[in-house]
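Please read it beside the sequence and the structure shown here.

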Amino acid sequence: MNTPTRTDKLDRIATLAKRRGFVYPSAELYGSPGAIYDFGPLGVQLRNNIRREWWRRFVQEREDVVGIESAIITRREVLAASGHETAFHDPLVECRICHERFRADEEIPPAADHEHDLTEPKQFNLMFQTSLGPTEEGAALAYLRPETAQGMFTNFKNILDTARVKVPFGIAQIGKSFRNEITTGKWLFRLREFEIAEIEYFVKPGTDGEWFRVWLEAWEGFFTDLGVAPENIRRYEHPPETLAHYSTRTVDLQYNFPFGWSELAGVANRTDYDLRQHQQFSGRDLTYFDETDNSKYHPYVIEPTMGIERAMLVFLVDAYRDYPGGRAGKEDGKEVEAVLQLHPRLAPVTAAVLPLVKRERMPDIAREVAAELRRAWFVEYDENGSIGRRYRRYDEIGTPWCVTVDSQTQKDETVTVRDRDSMAQDRVKIGELRAFLAPKLAAAPTRAQSPTH
Ligand code: GAP
């Protein structure tokens, strides 16, 4: 038997994700364009849960951060001022034989039947262009935003005037961003349409070094508190030559993906670059008046950022375990049992309610229990197939608890709660189910190592 490679693992997860309705290649009917995906019922749940956890932690629970949603279509002037029009590009080379295009700054995969004959690198701007206005001639050039950050800078004065914030404070946003990436692949890792969750945190110049450290810590904590193994995350300090045009310091959080260590998220020190640029290009005063010492300045900006799909990929990869022959160790080699040990707060379905058999009053009671639990969480009712098969179905999509209604339920109003990770079963009164599960949602799951991890 061949030993599974780490890249196979990504394929196995992508296959599971498609089969179970997490992620579909977009417009597959016509042949997907690549690096654009649609999210199915379970994928939407997982994304919403990631967004909700992010928003709760970084906006709701903080006194110093406010949220906004700015527009996707961005007029050209904004991205000229920010420097994206001239500097947001990657070096592109093309093979004169097969006409495939590659990034010159990345490893170029060899062709099976020829040696690539590459053109000189030319700078390729990654922004998608569109036009504003009804006619071709009169239309103004605009872009689909390549990052959400500019919406925070162009609204800086609005926030100061309306939200009663004082430096240090942050503006947070989660929203779609678009980049016409040259090289794609690796499933959700590098997309053309994706979502960024980021904060522009405005601080007094001179305090930026300390705030950088604070945000890097907080950013890493988001992943580890939601169950990602700390040993799978490391920090990478960018050397000056790979810094973005606006940054004086960037540290990436890298994750140990099946294809190697790569960027998951990052923190950058954007200094006062963006506010100064927008002041210069718009002619509007974007300074801040600091009442604590009557000084006036452009705040420095610490920017922690992450991609929602990359976070989703990391949560899926880190939670995935599979067991050839099943967890019970049958080792018959016929069936691979997959388990997603997602944090209960991220799991797309929090609990499944299952009548042991489709007899007596079991289905009716199970439906009532499901309806009650739905008031708090996302819950499914499932009566199809053997109980073992149903447990495996829910393990595979990361459902932390299966609640089973059996013949004893009809006598004493108790159900069994089966734990995804330990497979232990507890007998719990129906009336106490919510109180039984609620504290468990706060705790991180205990992860098992699978034979193929
Ligand atoms: N405002 C700063 C900024 O946009 P970035 O590192 O270019 O920084 C932010 O992007 C985050 O978005 C990255 O840390 C990564 O998680 C994610 N990201 C970037 N490009 C992506 C792509 N093509 N597909 C999916 N996620 C991407």
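## Second largest pocket

The second largest pocket of this predicted model has a volume of about 380 Å³. A pocket here is an open set of points on a 1 Å grid over the protein atoms alone, with protein on both sides within 12 Å along at least five of seven lines; a cavity is a set where a 1.4 Å probe fits but cannot get out, and lining residues have an atom within 4 Å of a point. Grid points are joined across faces, edges and corners, and a volume is the space filled by probe spheres set on the points.

Lining this pocket are 14 residues, and Thr154, His278, Ser282, Arg284 and Leu286 lie nearest its centre. At least two lining residues come from each of α3 (76-81), α5 (149-154), α6 (156-162) and α8 (273-282). Helices (H or I, at least four residues) and strands (E, at least two) are DSSP runs, numbered from the N terminus. The lining divides into 5 nonpolar, 4 polar and 5 charged residues, where Ala, Val, Leu, Ile, Met, Phe, Trp, Tyr, Cys and Pro count as nonpolar, Asp, Glu, Lys and Arg as charged, and the others, Gly among them, as polar.

## Basis of the values

Residues are numbered from 1 along each chain as its sequence is written. The model is predicted, so local features need pLDDT of at least 70 and side-chain atom pairs count only at pLDDT 80 or more, while totals for chains, interfaces and linings use all residues; side-chain values use heavy atoms, with hydrogens and water left out.

## Largest pocket

The largest pocket holds about 1500 Å³ of space. It is lined by 49 residues, with Arg103, Arg179, Arg190, His238 and Glu263 closest to its centre. The lining consists of 20 nonpolar, 13 polar and 16 charged residues.

Strands β5 (89-94), β11, β13 (249-257), β14 and β17, together with helix α9 (308-319), each give at least two residues to this lining. The most come from β14, which supplies 8.

The elements with two or more residues in the shell around the ligand are β11 (193-203), β14 (260-271) and β17 (300-307). There are 20 residues around the ligand, of which Glu147, Leu191, Glu198, Glu263 and Leu264 come nearest; a residue is near a molecule if one of its heavy atoms lies within 4 Å of it. This shell has 9 nonpolar, 2 polar and 9 charged residues.

Nitrogen atoms of the ligand lie 2.6 Å from a side-chain N or O atom of Glu147 and 2.6 Å from one of Glu198. An oxygen atom of the ligand is 2.7 Å from a side-chain N or O atom of Glu263. The protein buries 91% of the 550 Å² that the ligand exposes when taken alone, with areas from the Shrake-Rupley method and a 1.4 Å probe.

## Backbone features

The peptide bond from Val167 to Pro168 is cis, with omega near 0 degrees. Pro168 lies in the loop between α6 and β10 (169-178).

Thr271, in strand β14, has a positive phi of about 50 degrees although it is not a glycine.

Conventions:
Polar contact = N/O pair within 3.5 Å; in protein donor to acceptor, adjacent residues only side chain to side chain.
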